[in-house]
Amino acid sequence: MKNIAYNKAIELLHKVATPSGFLASAEKTTNYQRVWARDGVICGLAALASGDEMLIETFKKTLETLANNQHSNGTIPSNVLIDGSFKEVSYGGLAGRVDAVTWFVIGVCQYAKQTDNAEFVIKYESHIEKCLSLLEAWEFNNKHLMYVPLSGNWADEYITDGYVLYDQLLRIWALKSYNYFQKEEIISNKIDKIIEQVEINFIPKSTGEKYHQRAYDEMSFQDFMPCSFSPSGYKTQFDAFANSLILLLNIGSAEFQKKIIDFSNSLASETNLGLIPAFWPPVFPNDEHWNLLKNNCKFEFRNYPYEFHNGGSWPMVNGFFGLALLSKDKNADAEIILERINHANAISEFSFYENFNTTTQEPNGVAFCAWSAAASVLVHQSLYNNFKIFF
């Protein structure tokens with residue numbers, strides 16, 4: 001099964017490969033027939049893992065498309081539509097996308113390292129520097145954590161806003177990736193400052209001056225880092241993507257990281273597909289943040305309980321959890337997660353759905369989703385062929 005699933009995933013990545021870069025899906029769906037920053041880089045990481053020269057070249061084209069359409073203020077496109085001579089560039093819908101900037105920096109540096117092409121970083125150094133200056137400006141208070149608007153990242157119809165954990169971690173990864181080449185003390189110091197603030201403000205019972213001491217003291221922390229906080233307080237859902245990045249970036253004590261792994265494995269074991277929901281627990285109609293969730297959609301509401309971002313299960317997110325397990329030498333657990341990702345991707349004759357209802361196992365979202373395939377490739381190659389993304 002694992003080799004069939006892998007080959008099907010590679011086949012899908014080939015289908016979404018265009019001269020401009022990776023499309024988000026092979027399905028003819030509005031917005032998905034575009035080159036996206038985050039989707040494209042995640043597919044690009046899978047391309048590097050695969051060693052497939054055509055896919056690696058498509059990753060390069062993805063990065064070139066994003067760089068060529070960087071805004072004068074440093075913003076990287078959320079997505080770019082190129083159809084013949086027609087081009088449309090989006091930097092976000094109701095709000096801009098903070099994570100497009102960090103994924104671009106990560107992508108350039110990962111491509112350069114894995115292909116042994118340091119000149120690629122030099123080529124885009126001015127683009128990266130504009131990105132990093134923009135991220136600095138988005139702190140607003142110069143206290144090392146970025147302030148992210150509602151809808152400001154991949155969970156664009158969810159409730160996270162303010163100091164969103166996921167975005168702080170992507171920034172750390174981006175800075176580490178860039179500093180692999182630059183080796184500048186000022187960047188190293190900035191990384192340390194951001195990590196320090198993440199640990200102070202997101203880890204239970206931490207010491208140090210908090211951004212929001214009252215809200216921190218009033219909140220009941222658990223065995224993971226909460227998804228976000230803002231001047232109005234904390235949103236305490238478990239963010240599987242962010243907590244996987246915590247493990248990959250080796251933030252917090254070994255004891256705390258073990259708590260994250262134990263909680264994640266326990267949560268996955270309670271679901272029918274055996275996958276970790278993207279955010280947990282779901283927001284329900286009688287909950288405090290339901291109206292915030294309900295109104296945060298531009299076209300149609302998709303965040304019903306147990307679906308989409310609101311407790312839905314995403315193969316892509318579980319791919320990063322699989323990588324996190326491997327980073328802690330938990331190969332057997334990672335193999336189980338890979339089997340479950342492959343099982344989910346294989347539903348309806350390998351339709352590679354975007355996400356699934358965590359209770360009913362019914363597929364949601366778009367079929368032939370490229371980053372669902374990328375998750376399988378990344379974990380497969382990391383598990384069986386010792387591929388290493390660098391963090």
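Student: OK, what covers the buried residues of helix 1?
Tutor: Keep in mind that this is a predicted model. The cover over those buried residues includes strand 1 (17-18) and strand 2 (21-22), along with helix 2 (37-50), helix 3 (53-68), helix 14 (331-350) and helix 15 (370-384).

Student: And which residues of helix 1 are buried?
Tutor: They are Ala5, Tyr6, Ala9, Ile10, Leu12 and Leu13. Looking down the axis of helix 1, you'd find them within an arc of 160 degrees, so they line one face of the helix.

Student: Got it. What about helix 13, how many of its residues are buried?
Tutor: Helix 13 is mostly covered, with 12 of its 13 residues buried. Among them are Pro315, Met316, Asn318, Phe320, Phe321 and Leu326.

Student: How far apart are the end C-alpha atoms of helix 13?
Tutor: They are 18 Å apart, which agrees with the span its 13 residues should have at 1.5 Å a residue. Helix 13 is followed by Asp329, and the phi of Asp329 is positive, near 60 degrees.

Student: Switching topic: how many aromatic pairs are there in the whole structure?
Tutor: A search turns up 34 of them. One of the pairs is Trp154 with Phe279, which is stacked: 6.5 Å centre to centre, with 20 degrees between the planes.

Student: Where do Trp154 and Phe279 lie?
Tutor: Trp154 is in the loop between helix 6 (125-137) and strand 6 (163-164), while Phe279 is in strand 9 (residues 279-280), so the pair ties together parts that are 125 residues apart in sequence.

Student: Are those two buried or exposed?
Tutor: Trp154 and Phe279 are both buried. They also belong to a cluster linked by ring pairs, with members including Trp103, Tyr158, Trp173, Phe308 and Trp371.

Student: Which lysine lies over the face of Tyr211?
Tutor: That's Lys143, at 4.7 Å from the ring centre. There's also Lys183, whose charged end sits over the ring of Tyr180, 5.0 Å from its centre.

Student: How many residues sit between strand 4 and strand 5 in their hairpin?
Tutor: There are 2, and Gly84 in that turn has a positive phi of about 65 degrees. The two strands run antiparallel and are joined by 5 bridges. One spot to look at is Leu81, which stands opposite Glu88 in strand 5.

Student: What else is strand 4 joined to?
Tutor: Strand 3 (residues 35-36), through 2 bridges, and that pairing is antiparallel. Trp36 has Asn79 in strand 4 as its bridge partner.

Student: Last one: where does Ser78 lie?
Tutor: In the loop between helix 3 and strand 4 (79-83). Ser78 is buried, with a relative accessible area of 3%. The residues Ser78 touches include Val35, Trp36, Arg38, Tyr91 and Arg97.

Key
Residues numbered from 1 in each chain as written. Predicted model: local features only at pLDDT ≥ 70, side-chain atom pairs only at ≥ 80, totals over all residues. Heavy atoms only, no water. Buried < 20%, exposed > 50% of the residue type's maximum accessible area, 1.4 Å probe, protein only. Helix = DSSP H or I, 4+ residues; strand = E, 2+ residues; numbered from the N terminus. Arc of directions from axis to C-beta. Contact = heavy atoms within 4.5 Å. Phe/Tyr/Trp six-rings, centres within 6.5 Å; stacked < 30°, edge-to-face > 60°. Lys NZ or Arg CZ within 6 Å of the ring centre and 35° of its normal. Expected span 1.5 Å × (residues − 1). Pairing = 2+ DSSP bridges. Lists of a residue's contacts leave out its neighbours within four places in sequence.
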